[in-house]
Structure formats: structure tokens, C-alpha cells
Amino acid sequence: MSDFVVAYVLSNELVKVSSQLPSNKNRSLLVHSLVKELGLLSPRSSNSQCSRLQLLRPNLASANDLSSYHARDYLDYVLNCNHFSNDGTPFDAEKAAEYGIEEDCPWFQGLPAYIRLVGGASLTAANTLVQGQADIAINWDGGRHHAQKSQASGFCYVADCVLALLALKRSRLPSSLETVVSPNVSLRKPRIMYLDLDLHFSDGVSHAFYNTPETPQILTLSIHHAAPGFFPISPLSLLPPSEPSSSFDPFTLSVPLAVGASSQTFFSVWNGCVERVKDAFQPDYVVVQCGVDGLAGDSYGIWNWSLGGHEDVTGAEEGSLGWCVEKVCHTWGCKTLLLGGGGYNSPNAARAWAYLTSIALSRPLPLSTHIPDHTFFPLYAPSFTLDVPPNTLSDENTVMYLEDIRDRFDWVCEGIRERLTTFMTGASGNRKS
Ligand SMILES: [Zn+2]
């Protein structure tokens, strides 16, 4: 088996600043501690079929790097400590509100370093894929999918998903797999699929790439909860129309799910929509936002998604988060970037991202694995195991609704194919770089 490399972005500085994030205090510390304690950071297990893990230090993003998406005035404001007193009170409240640095996105001392490091971490991860140095790259401190071009929003200050997608978009691939790269080789633009599994709609990312008139290079698909008043409100968070519509952008897709969404519901959505969209779009890269606030036990308590299935079962149950990520990592054949996201039960977020790391590495841990004795061990009570099992919340996503989703994606997938064909046969199909 050829060397399959999983790059894991980590540094003490990244953990320190990410642990200061007001919405997720110390979560980063728990996550990386558990990953390490479970032995996942060792370069290779004794099993030769497994992948090689490579630790990757995040580069600090410069203002220039960040300005590939963020507005300069926003960066000037958030990367400068002089706008706030020591207790975080803004000297100009109106200005702070303009940039969203208020309420659920308050100022904190480490914010400039946080933005540079988390943005830099996802860029480092994306670039390692572009350079062919890894097959999967992981940044659990990223996935800040609500951040806007000029505004912080929903606990998100830096649009690292968008920055990573833009870095992948700028890269070029050989036109055919057989071609050996040489100065004269024909290069083509890659296609990148963004898949968002967080409880919340990926408004920051979906809006960034909505209806881009140029190449259909990036497709966003967000699976999320939607209900009146539930954050974030956006017309893009709705299901595609039931009938074909030329004004609908088939590269900006949403699947809203009701309360209690379970692994069974995800299994149906996966087969009826996610796999078919992937087949129609044929991405080169996949970026997965693995927010875990939809898992059972999260403080939101809205979905009832399980991490891997039932206790004592080795391998993930169909439709569980682990099963979905396994499909992307090991059956899609794309270079894959795994990012974090929401998740407000920190021990469960640590369980989930440690388990997903083991899946990425093709060394899936049994869900009954005991949490190793370490500093944060008491936080894993009462089960002290890796699993995040479902609870008794009933799934309100009906069979009829799930069939309706599948039906709508019939014409959506056709629309993706048609637009790609139109583009490929157009004058700008393949370019020399
Ligand atoms: Zn969320």
C-alpha cells in the first residue's frame, strides 16, 4: 500500500489561543489532549495498512493572507488591540457593532493571535494538500463557518473555511492523471466540494460562493437544522425548489433537517443527496466542516445524531457521523480537509474529533474504548468511553420529507451535470496556467 499521509495541524500556540475562544473555553485543550492520550499522534501504528500521521505546525496568517477574503478595514480593526480597554469594553461601541465584535462575539485579549493562527492553520492544512504532501489534513480548531467578510458572527471571527477553499481554488492540477508535471503541461482548475455537517447553516461559506458567475469550481452543501428564528436566518438555507428553476444556483445547496435528526435520517440524506451530488460534481478536493453540535448530548439538544452507533460495536453504524466521515475519507478518492466547528459539550467534541482522527488514519478505535487516565479524565463521566450514543429524542424527519429531499435532488444533480458540461465545452474549459 502506498503511503497515505494524514496531516494533523497542531502547536502549543494554536491550542492556547483556541482555548480562549469565549464560546468554547478550553475545548481545544480537551480535544488535542484526548487525541494524544489515545495514541493517535504517534507517527504510525504497527499495522502496516494504516496511514502515516504527520504533525503540521500552523503558519501565522498575515493580514495579506487573510485579505484574500476578509475586508482590509475589518482586519485593521480586529488585528489591533487599541480599540478595547483591558476588560474588553470597546472605546467606540458603534464601530465594534459594525464589525460584529459584541454579544456572542466579544473582544478577548488573544483575538488578534487567534485570528492569525486559526486562519493560518486552515491555510497550512489546505496548502499541504495542494503541495501533495498529505491525503487528508485536519484542523479541529477551524471550521468557523459563520464569519463574514467584514463582520464576526455566531462565535466566528475568522472565515478559515472560505480562506482554505480559496487557497484550493487557486491551485492547479494536471489535466490528466497520467500527465507528468512539466513546465509545458496543460493544467486545469480543481473542483472543490464543501460539505457542512454542523447543526447550523454555513451562511458565511455559502454566501461567499453563491452565484459566482465564473467557473463552477466550488460547490457548497450544508446539512443543518432549520426552524423559524433559528440562527442563522438565510434564504440560502432552504431546500432546492421542487421543480427545475434556471435562477437556482445548483452549486449552493442546503438540506434543512427537523428536530431529532438521527443516524437513520443522515443515512437517507447521505444516499439520496450527498453521494449523488458528489458523483455529479466529481470534486478533486473535499472540505468537510465537522461541527458536532448536532450530536446527542450537545447543549443545543436539537438533533440526536450518534458518533458511531451502539456501544461495543466496532465500526460505525450506517448514517452516524463516523460513518459519513469514513465514506468521504476512504471511498471518495479526493484530497480531504477536515475542519472542526460547533460543539458545546466539550468532552463529546473531544470524543468525536478523536474518533474521526482515528477513522482518517484508518485505525478506527472501538467505540467502547476507555478514556485514558489523564488530567481531564473526570470530565468524561459517567461512561468514560469514547462513544456518544443516541438518546431517546424522537426523529421528526418523516419518510415523506426524506423522499421529497431525494426527489428534489434528482433535478439538482442533473443541473450540476448540465452546467459543468456547458462550462467544459465553453472556450474557457481548460487553461494553461
Ligand atoms: Zn453550530
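Where in the chain does N26 lie? In this predicted model, N26 is placed in the loop between α1 (12-18) and α2 (27-37). The residue has a positive phi of about 65°, although it is not a glycine. N26 is classed as partly exposed because 16 other C-beta atoms lie within 10 Å, whereas a buried residue would require 20 or more.

F155 belongs to the loop between β3 (136-139) and α7 (160-170). With 18 other C-beta atoms within 10 Å, F155 is likewise partly exposed.

Helix α2, which spans residues 27-37, packs against α11 at an angle of about 40°, and the two axes are 8 Å apart. The arrangement of α2 relative to α11 is therefore oblique. The crossing of α2 past α11 is right-handed. On the α2 side, the contact is formed by R27, L30, V31, L34 and V35. These residues meet S346, P347, A349, A350, W353, A354 and T357 of α11. By residue class, the contact of α2 with α11 comprises nine nonpolar, two polar and one charged residue.

Cis peptide bonds were examined next. One joins F231 and P232, with omega about -10°. P232 is located in the loop between β7 (218-225) and β8 (252-257). Another cis peptide bond links A381 to P382, and here omega is about 0°. P382 is found in the loop that runs between α11 (346-360) and α12 (399-425).

The interior of the model was then considered. In soluble globular proteins, nonpolar side chains tend to be buried together. The largest nonpolar core in this model contains 124 residues, of which I138, A164, Y194 and V287 touch the most other members. Helix α6 (residues 111-130) supplies the largest share of this core, namely ten residues. When residues up to four places away in sequence are left out, V287 touches C161, A164, L165, I192, Y194, L337 and L339. Two of the residues touched by V287, A164 and Y194, are themselves among the core residues that touch the most other members.

How values were computed. Residues numbered from 1 in each chain as written. Predicted model: local features only at pLDDT ≥ 70, side-chain atom pairs only at ≥ 80, totals over all residues. Helix = DSSP H or I, 4+ residues; strand = E, 2+ residues; numbered from the N terminus. Buried ≥ 20, exposed ≤ 12 C-beta atoms within 10 Å, placed from the backbone. Core = buried A, V, L, I, M, F, W, Y, C linked by C-beta atoms within 7 Å. Contact = placed C-beta atoms within 7 Å. Axes fitted to C-alpha atoms, helices over the stretch in contact; angles between N-to-C directions. Parallel < 35°, antiparallel > 145°, perpendicular 65-115°, else oblique. Left-handed = near helix turned anticlockwise from the far one by under 90°. Nonpolar A, V, L, I, M, F, W, Y, C, P; charged D, E, K, R; others polar.
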